[in-house]
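Hi everyone, thanks for coming.

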Amino acid sequence: MAGNNTVNFNNKNGLGILSWNMNGMKTNYSIKCNELQTYIDNSSANIDIICIQETKLIKNQTPFKFKGYQKPVYKNRLNATHPGGGVCIYVKNDITFKDTSKASVSDIEFISRIFLEIQGNEHKVSIYNLYARCSRIHDDETSLTRQIKT
């Protein structure tokens with residue numbers, strides 16, 4: 001578990017979630033990441049969770065660190081030798097969460113997925129961040145559905 005507080009949904013105006021298919025997150029100097037950090041810093045929106053798809057990081061690369069957010073939970077594409085796919089979720093520093101993604105490896109190479117659970121005072125919220133390469137989805141819809149359910 002990360003963080004040290006539960007979220008009191010009754011005292012907040014909901015849980016703010018931003019989702020973005022970034023199409024590439026290379027380094028801490030990524031223009032896209034810096035632009036997103038500037039948006040977060042200057043936005044009046046309450047962004048508690050950031051879900052990013054297509055990080056395009058390979059094996060030993062780690063995601064950008066956003067100010068005000070915990071170390072991201074991320075999954076790079078399996079056996080990637082070139083950039084493609086990948087997802088990550090950032091959670092604000094003051095929110096407790098649990099990574100509920102299964103430890104087993106996905107049996108579908110073209111899917112990247114992460115599941116988190118956030119415990120509020122009265123409610124539990126599940127966050128699913130999934131990326132599936134479009135050109136492959138119709139090849140195996142049954143397996144895709146199985147991956148989403150597990």
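Before I start, one term you'll need: a polar contact is a pair of N or O atoms within 3.5 Å, where one must be able to donate a hydrogen and the other to accept it. And keep in mind that what you see is a predicted model.

With that term in hand, let's go to Gln-53. Which residue does its side chain meet in a polar contact of 2.7 Å? The partner is the side chain of Asn-129. The side chain of Gln-53 also reaches the backbone nitrogen of Asn-21, at 3.3 Å. So where are we in the fold? Gln-53 belongs to strand S2, which covers residues 49-53. Is Gln-53 buried or exposed? Its relative accessible area is 9%, and because the cut-off for buried is under 20%, Gln-53 counts as buried. Leaving out residues up to four places away in sequence, Gln-53 touches a whole list of others, including Trp-20, Met-22, Asn-23, Val-87 and Tyr-131.

Let's pick Asn-23 off that list. Most residues other than glycine have a negative phi. Asn-23 isn't a glycine, yet its phi is positive, about 60°. You'll find Asn-23 in the loop between strand S1 (17-21) and helix H1 (31-42). With 40% relative accessibility, Asn-23 is partly exposed. Now look at Glu-54, which isn't a glycine either and has a positive phi of about 55°. Glu-54 sits in the loop between S2 and strand S3 (73-75). At 13% relative accessibility, Glu-54 is buried.

Okay, on to the sheet that S2 is part of. Four strands make up an open sheet, in the order S1-S2-S4-S3, with mixed pairing. Which strands are at the edges? Those are S1 and S3, each pairing on one side only. From one strand to the next, the twist averages 10°. S1 and S2 run parallel and are joined by five bridges. If you want to spot that pairing on screen, find Trp-20, which stands opposite Ile-52 in S2.

H1 lies across S1 and S2, and runs at about 160° to S1. Tyr-39 is a residue to look for in helix H1. Not counting residues up to four places away in sequence, Tyr-39 touches Leu-18 and Ile-47. Tyr-39 is partly exposed, at 43% relative accessibility.

What about the inside? In soluble globular proteins, nonpolar side chains tend to be buried together. Here, the largest nonpolar core has 15 residues, and those with the most contacts inside it are Met-25, Leu-36, Ile-50, Ile-52, Phe-66 and Tyr-90. H1, S2 and strand S4 (87-91) are the elements that give two or more residues to this core. H1 supplies the largest share, three residues. Take Met-25 as a way in: setting aside neighbours within four places in sequence, its contacts include Cys-33, Ile-52, Leu-57, Phe-64 and Tyr-90. Apart from that core there's another, of 13 residues, among them Ile-49, Val-73, Ile-89 and Phe-97.

S6 is mostly covered, with seven of its nine residues buried. S6 runs antiparallel to strand S5 (residues 97-99), and three bridges join them. Within that pairing, Lys-98 has Glu-117 in S6 as its bridge partner. S6 also runs antiparallel to strand S7 (residues 124-132), this time with nine bridges. A hairpin of four residues leads from S6 to S7. And Arg-113 has Leu-130 in S7 as its bridge partner.

Last topic: salt bridges. How many does a search of the whole structure find? Two. One is between the side chains of Lys-67 and Asp-41, at 3.3 Å from N to O. Lys-67 is in the loop between S2 and S3 while Asp-41 is in helix H1, so this pair ties together parts that are 26 residues apart in sequence. Lys-67 is exposed, at 56% relative accessible area, and Asp-41 is partly exposed, at 44%. Another salt bridge joins the side chains of Lys-124 and Glu-117, at 3.9 Å from N to O. Lys-124 is exposed, at 52%, while Glu-117 is partly exposed, at 23%.

Definitions and conventions
Residues are numbered from 1 along each chain as its sequence is written. This is a predicted model: local features need pLDDT of at least 70, side-chain atom pairs count only at pLDDT 80 or more; totals for chains, interfaces and linings use all residues. Side-chain values use heavy atoms; hydrogens and water are left out. Buried means under 20% relative accessible area, exposed over 50%, partly exposed in between (1.4 Å probe, protein chains only). Contact means heavy atoms within 4.5 Å. A nonpolar core is a set of buried Ala, Val, Leu, Ile, Met, Phe, Trp, Tyr and Cys residues joined through side-chain atoms within 4.5 Å. Two strands pair if DSSP finds at least two bridges between them. Axes are lines fitted to C-alpha atoms, for helices over the stretch in contact, and angles run from 0 to 180 degrees between N-to-C directions. A salt bridge is a side-chain nitrogen of Lys or Arg within 4 Å of a carboxyl oxygen of Asp or Glu.
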